[in-house]
Amino acid sequence: MKNDKKKVLLVPLDPVHDIGLKMIRKALNEKGHQTILLPPDSRTPEVINAAIKNNVDTILISRTVGYGVAELMGNFIDQVEAAGLREKVKVGLGGMAIRPELAAELGFDGGFGPGTTIEEAIAFVEGRKYVPDEITVQKNKKDFTENYSYNYHHTRIKELLDKIVENILDYSKTRITPAIKRAKIREEILSISENEEKELPKLKKAYSNLCDQKLKEFYQQNKIPSYLRKPDQKEVDALENFVKMSNEKGPAIIQHKDEQPLVFVQYGTGCPLMDIAHIKVVEAWGADGVVHFDPSWGARTEGFYEGYLAHEENGTVITSENLEWIKRVLLPGTLWQVRAHRGLNTPETVLLAGINRADLTKVNIAYGSLAAGTDPERLTVDAVAALKYAARFNLPYDIPTNEELAGVPAHKAFAGMLITAHLGLKLGARPILQPLFCYSPQVMLGGQMEDNYFDFNAAKIFALRQIISAPIWPGAPIGFLTHTEERVQSATTTGLHAGLAASLEVDAISVASSDEAYSGGPITVSSRIDSLQSVKENFRCLGETRHQTTDNAKKWSEELVDKIEKVLKQVANRGNFIDSLYQGDLGNREDGAYPGRYGRGTVKKIKG
Amino acid sequence: MFPPVIGVAGTAKNTGKTTTVSALIKQIYYHNMKPALTTIGFDGEEIDNITLLPKPKFFLQKRTLLATAEKCLTGGSARIDTLEKTGILTPLGEILIGKVARPGTAVIAGPQKRTDLEYVIDIFKKYKSDIILVDGALNRLMPMLVTHGIILATGAARNIEPETIAAEVQAIRSLLKLKKYSLKTDIRKSPFITCFGPDKMHCQLPSTSLFEDETALAIARKLNKGFKGCYIPGAVNLVQLKKLLQQVVNLNFGKLIVFHDPLRLVISGEPSEVDKVIFNYQEKGGAIGVLNSVKLIAITLNPFYPGYKRDKNLYYSAFIDGKKLKDAIKEKIDLPVIDIKTDGSEKLFQILLKMFFAA
């Protein structure tokens with residue numbers, strides 16, 4: 001029977017550090033191999049003698065390599081060869097500065113640098129090919145809404161929401177918008193069968209007639225605007241290669257404990273090729289999900305283009321083909337969110353997200369209409385349609401309270417968020433609450449974060465949990481407005497907010513790259529990695545421990561709940577949700593909120 | 001001896017091995033010859049692995065053969081077509097034999113062991129290269145046994161004192177000049193240390209290498225008791241070599257000690273000290289020889305050394321007086337001494353042509 005147990009000589013040549021070899025020895029012994037550990041700092045003749053006398057199969061040397069030490073190792077390998085051992089004995093070198101190139105130069109069979117696992121060293125000894133953990137890491141998608149009952153703990157708030165949502169549903173039942181019509185036509189276009197293809201031109205014409213001028217020209221005259229272009233074949237091929245290479249590496253896990261939040265990263269460089277490259281990088285560094293950012297001009301435009309289109313500014317154009325392309329390159333375990341929280345195309349966005357098998361979408365009437373420029377009436381009616389698509393395609397949606405960044409106080413933003421949440425619940429969709437972890441204008445004026453960033457953010461979570469049992473996904477991104485241009489500071493504050501999120505046991509977080517707030521230009525891959533690494537370290541550091549807040553957190557959470565109720569009462573009493581948006585119940589001019597203008601006057605009553 | 005296999009070995013890192021090889025390759029192209037190239041280490045990286053200072057790369061023309069690790073194939077700008085696999089594994093993957101299809105720079109990680117290098121050379125011969133170059137690595141020497149001759153690269157990176165460098169070169173030269181002996185087959189093929197006597201007297205010791213005091217004393221005892229000589233096939237350590245040579249007396253009858261090759265002696269300790277110990281033994285009347293000799297063709301020198309700023313933990317480029325270094329070495333040995341950067345490589349190439357290609 002062939003003896004596959006090895007005899008390994010372990011040689012700590014570093015005068016001080018032999019802990020690495022001791023750990024390897026333990027693991028080797030556990031696997032039945034025989035090990036001989038030499039005392040630290042042995043000389044070459046002693047090592048070779050020990051190798052000869054013990055008839056070893058492998059020599060593992062641990063040594064930090066600096067200048068001069070390289071020659072020592074070179075001489076060692078020469079002596080191993082001179083002693084006639086080189087053919088029979090495998091020699092490996094491990095230490096802080098070791099890389100495969102250095103091992104090759106020194107003449108060793110294997111080089112083990114920092115980050116080498118014990119498993120890798122064992123595989124070397126056993127003559128097996130080492131398959132790094134990353135390739136065997138399995139990442140399965142998590143539906144973090146499934147364990148929530150959506151039961152209300154606060155009866156009065158629930159009753160108010162019932163009243164408000166009933167009004168919204170009544171209103172929108174009898175109204176239609178160009179976006180809703182376009183979404184219906186789009187669905188027909190995408191579900192057309194082969195023998196119905198002759199209907200396509202008619203459908204596209206009907207679609208384009210509901211669009212803005214530039215889009216009409218696109219569909220009817222094939223005119224592509226100057227800021228869009230089709231990627232060429234060379235770019236596409238290069239990208240396919242890159243994707244294939246990155247997928248070989250597989251995902252990474254960023255959480256230290258299973259229950260720590262999922263980490264989402266937003267992309268939207270403008271170019272689907274760049275986006276895909278960024279997505280692959282963040283997947284490899286542990287991101288659990290990616291969020292599609294579309295261009296801001298898209299929100300002001302009636303209609304979507306078609307085809308694979310790259311774009312020269314921020315935001316990647318939404319077309320079914322672009323979305324399909326991005327979906328195709330995602331790893332199976334990566335969650336994908338396509339946002340539909342503002343603009344003139346929200347129903348069609350959710351439809352496309354659903355058809356292209358996205359995992360999540362984003363809807364918020366208050367933010368979209370008060371701080372992102374879309375007309376309140378238009379966005380409300382569209383949102384009902386969008387939420388119906390979300391329910392139909394089983395896409396949970398989060399509700400970002402980004403109007404806080406404009407200056408709207410949290411309690412008003414949360415009132416708006418709860419309305420959109422309740423609306424979705426009534427339509428069969430599953431909302432996710434997205435309070436912001438940010439240094440908002442409210443806080444700048446109110447001083448709640450003068451001492452620490454944790455209390456007020458925690459108060460938000462406590463408040464929401466007092467009202468309803470629902471998933472919570474702080475954003476957007478966490479730590480917003482605490483970042484500076486300094487990369488380390490930026491990554492650190494993101495990481496610390498991630499630690500807070502984990503401590504509060506929320507479901508997910510959105511993180512920015514360390515140059516996102518201040519780059520003023522393209523976001524770099526390295527800065528994306530900064531933030532992910534910082535989050536990872538914070539998760540690691542936290543483990544099962546929890547941050548402690550002061551009494552302020554509880555106090556502020558109770559105040560928030562009271563104030564939310566007051567706002568909802570005001571909205572309910574007004575009796576017309578859309579009016580409430582225009583009149584500032586959910587954020588007024590003084591707060592910094594302005595009802596949007598895009599799409600004003602485009603909502604029509606359905607005849608009959 | 002065709003095609004010639006030339007090794008460029010160094011006394012340390014940064015002594016100019018790759019510069020010498022690069023320069024020779026250019027000469028080879030200039031003379032319309034087809035080279036085959038490999039290394040026993042790793043060549044072509046942008047910056048030094050340890051000092052982070054920039055390093056020379058190879059620029060290769062079409063039809064150049066090379067043996068390099070799989071992961072290095074796309075490391076440079078040259079396009080390399082794979083001709084065959086070798087089955088030799090290195091930290092950078094399997095060694096492949098390739099041919100340059102489009103000129104450019106190349107990164108090479110080659111066979112590290114002597115037997116693997118021999119195998120690669122055999123494959124090169126199959127493809128009819130005109131000349132085979134083997135770049136060294138650091139101060140590693142042993143695989144160079146398979147070459148027909150070596151060029152020794154040394155310089156300030158080894159030691160910043162020209163006299164010290166020159167003394168070492170002289171010592172290495174002296175060791176490489178040790179007389180070649182032939183031994184009977186059974187002695188020569190034995191992996192163990194064998195003492196041989198008059199007639200057919202033989203005694204094998206249980207060791208293969210001269211690493212332990214016990215072994216040194218055992219050999220000395222045998223030689224003093226009447227054995228004529230001893231063959232040490234394995235490795236040697238200077239401490240034990242010294243002990244052995246000091247202990248052997250009655251040298252009127254020669255007392256020949258044969259080693260497998262002179263490279264083993266060069267690596268056994270500081271070459272100057274090794275040479276001194278052997279010289280003393282020979283003065284006493286003893287004889288030292290080798291079974292296989294290694295030809296030393298020329299010396300190339302490099303006045304560069306990586307200076308170290310301790311407070312900043314940084315390396316920077318520094319130089320000693322190149323002419324002074326050259327003169328110091330030339331004074332001590334009878335071989336060509338060349339500074340590739342100032343003298344060019346034509347002279348060195350001519351020496352190779354004369355040595356290996358003259359009718």
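This is a predicted model: local features need pLDDT of at least 70, side-chain atom pairs count only at pLDDT 80 or more; totals for chains, interfaces and linings use all residues.
Trainee: How are two packed helices described?

Mentor: By the angle between their axes and the distance between the axes. Start with chain A. Helix H12 (residues 272-284) and helix H14 (residues 320-329) have axes that come within 10 Å. They cross at roughly 25°.

Trainee: Are H12(A) and H14(A) roughly parallel or oblique to each other?

Mentor: Angles under 35 degrees count as roughly parallel. H12(A) and H14(A) are therefore roughly parallel to each other. The crossing of H12(A) past H14(A) is right-handed.

Trainee: Which residues make that contact?

Mentor: From H12(A), they are A:Pro272, A:Leu273, A:Ile276, A:Ile279 and A:Lys280. From H14(A), they are A:Asn322, A:Trp325, A:Ile326 and A:Val329. By class, the contact of H12(A) with H14(A) has 7 nonpolar, 1 polar and 1 charged residues.

Trainee: At what angle do H11(A) and H14(A) pack?

Mentor: Helix H11 (residues 233-249) of chain A packs with H14(A) at about 30°. Their axes are 10 Å apart. H11(A) and H14(A) are therefore roughly parallel to each other. On the H11(A) side, the contact uses A:Val236, A:Leu239, A:Glu240, A:Val243 and A:Asn247. On the H14(A) side, it uses A:Trp325, A:Arg328 and A:Val329. The classes here are 5 nonpolar, 1 polar and 2 charged residues.

Trainee: Where do the axes of H19(A) and H24(A) come, and how do they cross?

Mentor: Helix H19 (residues 410-426) and helix H24 (residues 551-574), both of chain A, have axes that come within 8 Å. The crossing angle is roughly 60°. That makes H19(A) oblique to H24(A). The crossing is right-handed. Residues in the contact include A:Phe414 and A:Leu418 of H19(A), with A:Ile564 and A:Val567 of H24(A). The contact divides into 10 nonpolar, 1 polar and 2 charged residues.

Trainee: What can side chains of opposite charge do?

Mentor: They can pair when their charged atoms come close. Over all chains, the structure holds 51 salt bridges. One of the pairs joins A:Glu126 and A:Lys31, with the closest N and O atoms 3.4 Å apart. This pair links distant parts of the chain, 95 residues apart. A:Glu126 is in helix H5 (residues 118-126). A:Lys31 is in the loop between helix H1 (19-30) and strand E2 (34-37).

Trainee: How many salt bridges are there between chain B and chain A?

Mentor: The count is 3. In a salt bridge between the chains, the side chains of B:Lys13 and A:Glu105 meet at 3.0 Å, N to O.

Trainee: How many residues does each chain give to the contact?

Mentor: Chain B gives 39 residues and chain A gives 32. Between them the chains bury about 3000 Å². Of that area, 53% is on carbon and sulfur atoms.

Trainee: Which residues does a cis peptide bond join?

Mentor: A cis bond joins A:Gly475 and A:Ala476, with omega about -20°. The peptide bond from A:Ala476 to A:Pro477 is also cis, with omega near 0°. A:Ala476 lies in strand E16 (residues 475-480) of chain A. A:Pro477 is in strand E16 too.

Conventions
Residues are numbered from 1 along each chain as its sequence is written. Chains are lettered from A and ligands numbered from 1 in the order in which they are written. Side-chain values use heavy atoms; hydrogens and water are left out. Axes are lines fitted to C-alpha atoms, for helices over the stretch in contact, and angles run from 0 to 180 degrees between N-to-C directions. Helices (H or I, at least four residues) and strands (E, at least two) are DSSP runs, numbered from the N terminus. Angles under 35 degrees count as roughly parallel, over 145 as roughly antiparallel, 65 to 115 as roughly perpendicular and the rest as oblique. A crossing is left-handed if the near helix is turned anticlockwise from the far one by less than a right angle, and right-handed if clockwise. Contact means heavy atoms within 4.5 Å. Ala, Val, Leu, Ile, Met, Phe, Trp, Tyr, Cys and Pro count as nonpolar, Asp, Glu, Lys and Arg as charged, and the others, Gly among them, as polar. Buried area is the accessible area (1.4 Å probe) that two parts lose on being put together, summed over both. A salt bridge is a side-chain nitrogen of Lys or Arg within 4 Å of a carboxyl oxygen of Asp or Glu.
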